[in-house]
Structures are given as C-alpha cells and as structure tokens.
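Here is a short briefing for a first look. Keep the structure in view as you read.

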Amino acid sequence: MRPWVSQAKASLKSELLRIIKFSLVGGANTALDYLVFLACFYWLSFPILLANFFAFCVAVCLSFYLNSRFTFADMSSGGNAGKLAKFFLVACTAFVAATVAVVYLSAFMPVYLAKIASIVVSLALNYGLSRLLVFKST
C-alpha cells in the first residue's frame with residue numbers, strides 16, 4: 001500500500017473520531033440548552049428570545065470547555081484566550097441562526113419542536129466553523 005493511502009486512511013479515521021466526540025459533546029450541550037430553554041420559557045415565563053439567549057450562554061460555556069479538552073485537544077496549541085474569542089464568535093453565529101429558526105418556526109409549530117429544529121441548525125454550524133476556524137491544526 002502506498003504511504004499516502006495509509007496517511008489518508010489515518011486522517012479520515014482521526015476526523016471520524018473527532019466527529020463522534022463532537023457529537024457526544026453536542027448531545028450533552030443540546031440537552032443542557034434544551035432543558036435550560038424549557039425551564040426559562042415554561043417555568044420562569046421568559047420570552048422566547050430571552051430564554052434562548054440564557055440557554056445559549058449556559059451551553060456555550062460547557063461546549064467550549066468540553067470541545068477544547070475532549071474533541072479538539074489534539075489539533076492545536078496556543079492560548080485559550082484567542083480560541084475562546086473565536087469560539088464565542090462561532091457560537092454567536094450559530095446562536096443567531098438558531099434564534100432566527102426558533103422564532104420563525106414557532107409560528108408554524110409548537111415552541112418545543114421549533115427549538116429542536118433550531119438545534120440542528122446550530123450543531124451543523126458549530127462543528128463546521130469550530131473545525132475550520134477555532135480548533136484548526138497549525
């Protein structure tokens with residue numbers, strides 16, 4: 001087997017493992033985001049936007065910690081301050097997209113279903129942008 005084929009297989013295997021780890025972290029973040037959102041919206045009677053923002057803030061803190069320590073730990077070195085700033089910008093981008101989705105979709109379906117759909121949007125953006133901009137290998 002040619003060396004580049006072995007290297008490509010190893011790279012693919014590494015990326016698949018990273019995607020699995022990201023999915024596990026994403027599952028924990030999604031559960032936390034969803035539970036905090038529901039608690040704020042239904043129990044504390046926050047408006048949708050405020051409930052979504054508060055849930056986002058809580059989840060983004062857990063997400064950065066777990067992704068930097070678990071998912072992308074092998075990819076890059078350097079200061080966490082720069083990564084945190086980039087991660088926050090990525091999270092804000094995903095938050096805006098998810099907020100637009102939850103507000104728009106809540107006009108057509110129950111809020112709890114609209115929130116689930118918005119989570120899918122957020123997860124896809126978060127992985128892609130985190131991988132390309134925040135935790136890229138140097």
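Two residues are in contact when heavy atoms lie within 4.5 Å. By that test, and leaving aside neighbours within four places in sequence, Phe41 is in contact with Phe46, Pro47, Ile48, Ala51 and Val111. The model is predicted.

**Around Phe41**

- Phe41 sits in helix H1, which covers residues 3–43.
- Ala51 is 10 residues away from Phe41 in sequence. In space, the two are 5.6 Å apart, C-alpha to C-alpha.
- Is Phe41 buried, partly exposed or exposed? Its relative accessibility is 22%, so Phe41 counts as partly exposed. The cut-off for buried is under 20%.
- Tyr42 also counts as partly exposed, because its relative accessibility is 44%.

**Aromatic rings**

- How many aromatic pairs does a search of the whole structure find? The search finds 12.
- Phe41 and Tyr42 form an edge-to-face pair. Their ring centres are 4.8 Å apart, with 85° between the planes.
- Ring pairs also link a cluster. Its members are Phe22, Phe64, Phe72, Phe87, Tyr127 and Phe135.

**Lysines over rings**

- Lys21 lies over the face of Phe70, 5.3 Å from the ring centre.
- Lys115 lies over the face of Phe37, at 5.1 Å from the ring centre.

**Helix H3**

- H3 runs over residues 80–105 and has 26 residues.
- From first C-alpha to last, H3 reaches 36 Å. That is close to the 38 Å expected at 1.5 Å a residue.
- The buried residues of H3 include Phe87, Val90, Ala91, Ala94, Phe95 and Ala98. Lys83 is also among them.
- An α-helix has 3.6 residues a turn, so residues three or four places apart point the same way.
- Which helices do the buried residues of H3 pack against? They pack against H2 (48–71) and H4 (111–134).

**Where H2 meets H3**

- Two packed helices are described by the angle and the distance between their axes.
- The axes of H2 and H3 come within 10 Å and cross at roughly 145°.
- On the H2 side, the contact is made by residues including Ile48, Phe53, Phe56, Val60 and Phe64. On the H3 side, the residues include Leu84, Phe87, Ala91, Phe95 and Val102.
- The crossing of H2 past H3 is right-handed.
- Phe87 links two of these topics: it belongs to the ring cluster and takes part in the contact with H2.

How values were computed
Residues are numbered from 1 along each chain as its sequence is written. This is a predicted model: local features need pLDDT of at least 70, side-chain atom pairs count only at pLDDT 80 or more; totals for chains, interfaces and linings use all residues. Side-chain values use heavy atoms; hydrogens and water are left out. Rings of Phe, Tyr and Trp (its six-membered ring) pair if their centres lie within 6.5 Å; planes under 30 degrees apart count as stacked, over 60 as edge-to-face and the rest as tilted. Buried means under 20% relative accessible area, exposed over 50%, partly exposed in between (1.4 Å probe, protein chains only). A charge sits over a ring if NZ of Lys or CZ of Arg is within 6 Å of the ring centre and within 35 degrees of the ring normal. Helices (H or I, at least four residues) and strands (E, at least two) are DSSP runs, numbered from the N terminus. The expected span of a helix is 1.5 Å times one less than its number of residues. Axes are lines fitted to C-alpha atoms, for helices over the stretch in contact, and angles run from 0 to 180 degrees between N-to-C directions. A crossing is left-handed if the near helix is turned anticlockwise from the far one by less than a right angle, and right-handed if clockwise.
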